[in-house]
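Subject: The model you asked for

Hi,

My notes on it follow below.

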Amino acid sequence: MKITIHPDYASFSSFIGQIPQLFHQGKGKVLHNGRNKVMILEHEGKQFVVKKFKKANFIQRMAYTLWRPTKAHRAYLYAQELKKRGIDTPHEIAYMEDYAWGFFHTGWFICEECTWPQAFGPLFEAEAFDKELASAVARHIAYMHQNGIFFGDLNLRNFLYNKEEDGHYQFAMVDTNRSHFSDTSLPLPLCIKNLQTVTHRRDLFAHIVQAYAKERGLYEKELQEPAIQQRDELDQRNARKKQMKQFLGIWVKKR
């Protein structure tokens with residue numbers, strides 16, 4: 001097991017080394033249990049958010065061992081890079097890489113807890129979405145793009161927000177490991193590509209695109225038409241994938 005710990009948390013190294021064992025024993029509170037598993041562990045009054053990434057497949061094991069940084073490593077590095085560029089994200093604590101027979105096997109990322117709610121609820125789930133919050137999300141995306149950040153998993157569950165007394169919104173971004181960074185602001189086609197994943201709710205998507213265009217000083221049509229077209233294409237691809245999975249599921253049952 002390779003363990004890298006942020007200097008701010010060096011005094012917790014003994015506890016951090018025990019995290020995989022505590023995780024497997026179910027000592028914490030599960031926040032998410034899907035492709036990856038996320039759990040909160042408490043120690044000395046501090047909350048440690050632990051993300052165990054899905055076990056790497058054969059090709060990934062080769063890549064992560066020989067030339068590509070693991071997801072856990074990237075999550076740690078990208079948290080630092082985002083903060084350098086003015087984007088808040090929970091403080092990175094450590095990352096761990098488990099190896100078997102000399103090859104990478106499983107990755108873990110540990111960060112501080114952020115108790116702010118996700119933007120998903122008041123935007124996607126609400127019958128009448130919060131337009132003020134939606135506009136703030138659009139401005140935040142524009143800021144990231146202007147600062148060379150292509151956020152790799154741009155969806156509303158990864159926007160944690162806080163509304164201050166003066167009405168100003170603060171955001172903390174989570175699930176950072178698939179992001180990309182540029183030394184200059186992103187070109188418009190790349191911005192549109194990134195925007196298409198923020199939501200598939202159409203009225204909300206149109207509002208975010210409109211607010212984004214206003215923030216960037218762009219003509220709305222210049223942005224909205226290609227963004228909606230790419231959103232349609234993405235929905236079609238997802239629908240085909242879903243149909244294929246259903247077909248394969250039925251086929252396997254019949255076999």
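Two notes on how to read the rest. This is a predicted model, in which local features need pLDDT of at least 70 and side-chain atom pairs count only at pLDDT 80 or more, while totals for chains, interfaces and linings use all residues. Residues are numbered from 1 along each chain as its sequence is written, and side-chain values use heavy atoms, with hydrogens and water left out.

**Aromatic rings**

A search of the whole structure turns up 13 aromatic pairs. Rings of Phe, Tyr and Trp (its six-membered ring) pair if their centres lie within 6.5 Å; planes under 30 degrees apart count as stacked, over 60 as edge-to-face, and the rest as tilted. Helices (H or I, at least four residues) and strands (E, at least two) are DSSP runs, numbered from the N terminus. Phe23 is buried too, with a relative accessible area of 3%.

Tyr169 and Phe171 make another pair: their ring centres are 6.4 Å apart and their planes are at 20°, so this one is stacked. Tyr169 is buried at 8% relative accessibility, and Phe171 is buried at 7%. Elsewhere, ring pairs join Tyr9, Phe12, Phe15 and Phe48 into a cluster.

The charged end of Arg157 sits over the ring of Phe120, 3.7 Å from its centre (the test is NZ of Lys or CZ of Arg within 6 Å of the ring centre and within 35 degrees of the ring normal).

**Salt bridges**

Side chains of opposite charge can pair when their charged atoms come close. How many salt bridges does a search of the whole structure find? It finds seven, where a salt bridge is a side-chain nitrogen of Lys or Arg within 4 Å of a carboxyl oxygen of Asp or Glu.

Glu97 forms one of them with Lys2, the closest N and O atoms being 3.7 Å apart. Glu97 lies in strand E5 (residues 92–100) and Lys2 in strand E1 (residues 2–5), so the pair ties together parts that are 95 residues apart in sequence. Glu97 is buried at 3%, whereas Lys2 is partly exposed at 40%.

In another, Lys83 meets Glu92, with 2.6 Å between the closest N and O atoms. Here Lys83 is partly exposed, with a relative accessible area of 33%, and Glu92 is buried at 2%.

Lys51 and Asp175 also form a salt bridge, at 2.8 Å from N to O. Lys51 is in strand E4 and Asp175 in the loop between strand E9 (169–173) and strand E10 (180–181), so parts that are 124 residues apart in sequence are tied together. Lys51 is buried, with a relative accessible area of 14%; Asp175 is partly exposed at 27%. Asp175 also has a phi near 60°, a positive value in a residue other than glycine.

**The largest pocket**

Lys51 and Asp175 come up again here: of the 32 residues that line the largest pocket, the closest to its centre are Val38, Lys51, Asn158, Val174 and Asp175. The volume of this pocket is about 1,000 Å³.For the terms: on a 1 Å grid over the protein atoms alone, a pocket is an open set of points where a 1.4 Å probe fits, with protein on both sides within 12 Å along at least five of seven lines, and lining residues have an atom within 4 Å of a point. Grid points are joined across faces, edges and corners, and a volume is the space filled by probe spheres set on the points.

By class, the lining has 14 nonpolar, nine polar and nine charged residues (Ala, Val, Leu, Ile, Met, Phe, Trp, Tyr, Cys and Pro count as nonpolar, Asp, Glu, Lys and Arg as charged, and the others, Gly among them, as polar). Strands E2 (29–33), E3 (37–43), E4 (46–52) and E6, along with helix H3 (71–84), each supply at least two residues of this lining.

**One more loop residue**

Trp101 is found in the loop between E5 and E6. Its phi is near 55°, a positive value in a residue other than glycine, and Trp101 counts as exposed at 86% relative accessibility.

Best wishes

Terms used
Buried means under 20% relative accessible area, exposed over 50%, partly exposed in between (1.4 Å probe, protein chains only).
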